[in-house]
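Please load the model in your viewer and keep the selection panel at hand.

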Amino acid sequence: ELCNGAGRPDLEVAQEAWQNHKRRNDSVIVDTFHGLFKSTLVCPDCGNVSVTFDPFCYLSVPLPVCSRRVLEVFFVPMDPRRKPEQHRVVVPKKGNISDLCVALSTHTSVAPDKMIVADVFSHRFYKLYQLEDPLSGILDRDDIFVYEVTGRIEPVEGSRDDIVVPVYLRERTPSRDYNNSYYGLILFGHPLLVSVPRDRFSWEGLYNILMYRLSRYVTKPTSDEDDGDEKVDEDEDEDVEDDSSSEEEKEEMSAPTVNDGTREAEQEQAGTSSGVTERCPSLLDNSLRASQWPPRRRRKQLFTLQTVNSNGTSDRTTSPEEMQTQPYIAMDWEPDMKRRYYDEVEAEGYVKHDCVGYMLKKSPVQLKECIKLFTTVETLEKENPWYCSSCKQHQLATKKLDLWMLPEVLIIHLKRFSFSKISREKLDTLVQFPIRDLDFSEFVIKPKNESSPDLYKYDLIAVSNHYGGMRDGHYTTFACNKDSGQWHYFDDNSVSPVNENQIESKAAYVLFYQRQDVGRRQSQTSSSDTPASPVSSSTPNSDIMDIN
């Protein structure tokens with residue numbers, strides 16, 4: 001069993017641990033590759049200190065991880081004359097959505113509390129983020145839109161703030177039904193978050209606000225143009241126009257009342273209308289009494305409006321959570337109206353902010369930085385507590401690893417694969433490592449033998465490279481010929497000589513170092529047995545290939 005220090009001298013405990021390890025694992029592998037850690041655990045409650053010495057076969061050293069990341073987002077201003085803007089913002093990796101809004105505010109001069117962040121996928125809102133949501137939930141491949149608003153999505157009864165309404169764009173398309181009588185609806189374009197003043201929260205008010213918000217790429221029909229409505233009798237048309245200013249007609253536009261047959265037909269088409277009043281009675285009952293506008297007996301506008309669910313469909317099956325939230329609105333366009341008045345090219349247009357060219361510079365990391373990080377004091381995670389023999393409880397103790405004794409051949413594993421509860425990534429940080437004279441004297445805490453400095457100096461003899469990502473990849477190797485000193489590159493069945501300056505790369509994954517006194521002994525043995533090779537690492541070789 002591993003022996004605890006229990007106040008005894010480190011030399012005694014370390015020697016005992018190494019002897020016990022050798023008794024169980026006496027082999028050339030242990031003699032060549034195994035070293036010894038000193039592990040110190042301190043209980044945060046009682047201060048109990050546990051010291052053990054543990055054997056190791058390789059060092060898994062962490063890479064210093066940058067605490068910031070760059071997110072690419074599209075900012076959608078409220079001013080319809082301005083196109084959406086593409087931005088690249090620097091945010092803390094462990095930050096929240098509020099940090100993204102603050103960073104974007106410095107570029108746009110829009111207050112962070114006037115922004116709503118959304119993940120847009122397939123013409124719909126995949127997720128609307130809260131300010132306290134973590135940024136780790138946003139992946140680099142996500143399409144993130146940040147909308148300027150003057151209110152919040154969650155309606156608060158009694159509040160005077162504007163109501164933010166999610167709006168989808170849909171186009172009617174004839175489906176291949178056996179009688180061609182059924183029309184399908186397909187989402188298109190980018191969804192909107194529209195701020196609507198409470199005193200204008202009616203179908204008519206919403207239509208006018210949407211016409212204003214879309215004015216950059218939606219052409220308003222001229223007075224002598226037909227709005228694309230179904231033809232009605234001139235007398236009936238005149239009656240509608242004459243009555244449009246009457247109180248009765250205003251009431252109809254604000255909250256249309258229709259006969260039972262028409263309402264049934266509208267519910268049949270809208271689908272979600274039966275659940276609309278349950279979702280947000282304080283708003284819908286008083287403002288949007290029907291699920292669709294305009295009613296069929298009124299003239300059509302450029303588009304019709306309809307309440308939908310968060311997927312942009314009129315499916316009646318709505319989740320209980322969605323029943324309590326502000327409904328989504330769909331703008332339904334007839335194909336002919338969309339072709340005549342909707343400019344798709346202009347709608348997709350955007351401008352690039354000056355910050356788009358910004359790239360977060362990744363500075364190279366020195367190997368010794370990784371080793372220092374390895375020997376830094378850390379606090380154990382909740383998933384891996386330590387049982388304190390004094391407290392008789394599992395504790396989140398502080399832990400420190402120190403190097404006590406190093407092997408003849410030291411294997412250093414660079415921890416390039418980063419895992420967290422939400423994300424996984426491979427770190428492509430360039431780690432700079434010396435090919436000769438890697439000195440570990442500052443890291444080894446065992447009392448040193450001053451007469452043998454070579455015991456702490458190492459030379460590189462091989463590097464294992466990994467190309468690829470988290471799911472798959474390809475391994476290659478650089479290795480040095482111990483007799484000639486020439487480096488070679490091994491890639492499956494291909495072997496090619498290379499120069500030393502080609503060895504260091506972002507693909508370096510496992511480093512193999514040999515202690516200098518061992519290498520010197522091997523060189524002396526080799527030179528006494530065979531004549532010296534004329535090839536050296538510094539000699540130009542016409543066969544050397546460039547593998548980078």
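Select Asp 31 to begin: this residue is partly exposed, with a relative accessible area of 39% (buried means under 20%, exposed over 50%, and partly exposed in between, with a 1.4 Å probe and protein chains only).

The model is predicted: local features need pLDDT of at least 70, side-chain atom pairs count only at pLDDT 80 or more, and totals for chains, interfaces and linings use all residues. Residues are numbered from 1 along each chain as its sequence is written, and side-chain values use heavy atoms, leaving out hydrogens and water.

Next, select Arg 82 and Glu 85, which form a salt bridge of 2.6 Å, N to O. Arg 82 is partly exposed at 34%, whereas Glu 85 is buried at 13%.

Move on to Arg 172 and Glu 334, a salt bridge with its closest N and O atoms 3.5 Å apart. Arg 172 lies in strand β10 (residues 162–174) and Glu 334 in the loop between β14 (328–333) and α11 (335–341), so the pair ties together parts 162 residues apart in sequence (helices, H or I, have at least four residues and strands, E, at least two, as DSSP runs numbered from the N terminus). Arg 172 counts as buried at 11% relative accessibility, and Glu 334 as partly exposed at 27%.

Finally, select Arg 8, Glu 12 and Glu 16, which salt bridges with shared partners join into one network. The structure holds 22 salt bridges.

How values were computed: A salt bridge is a side-chain nitrogen of Lys or Arg within 4 Å of a carboxyl oxygen of Asp or Glu.
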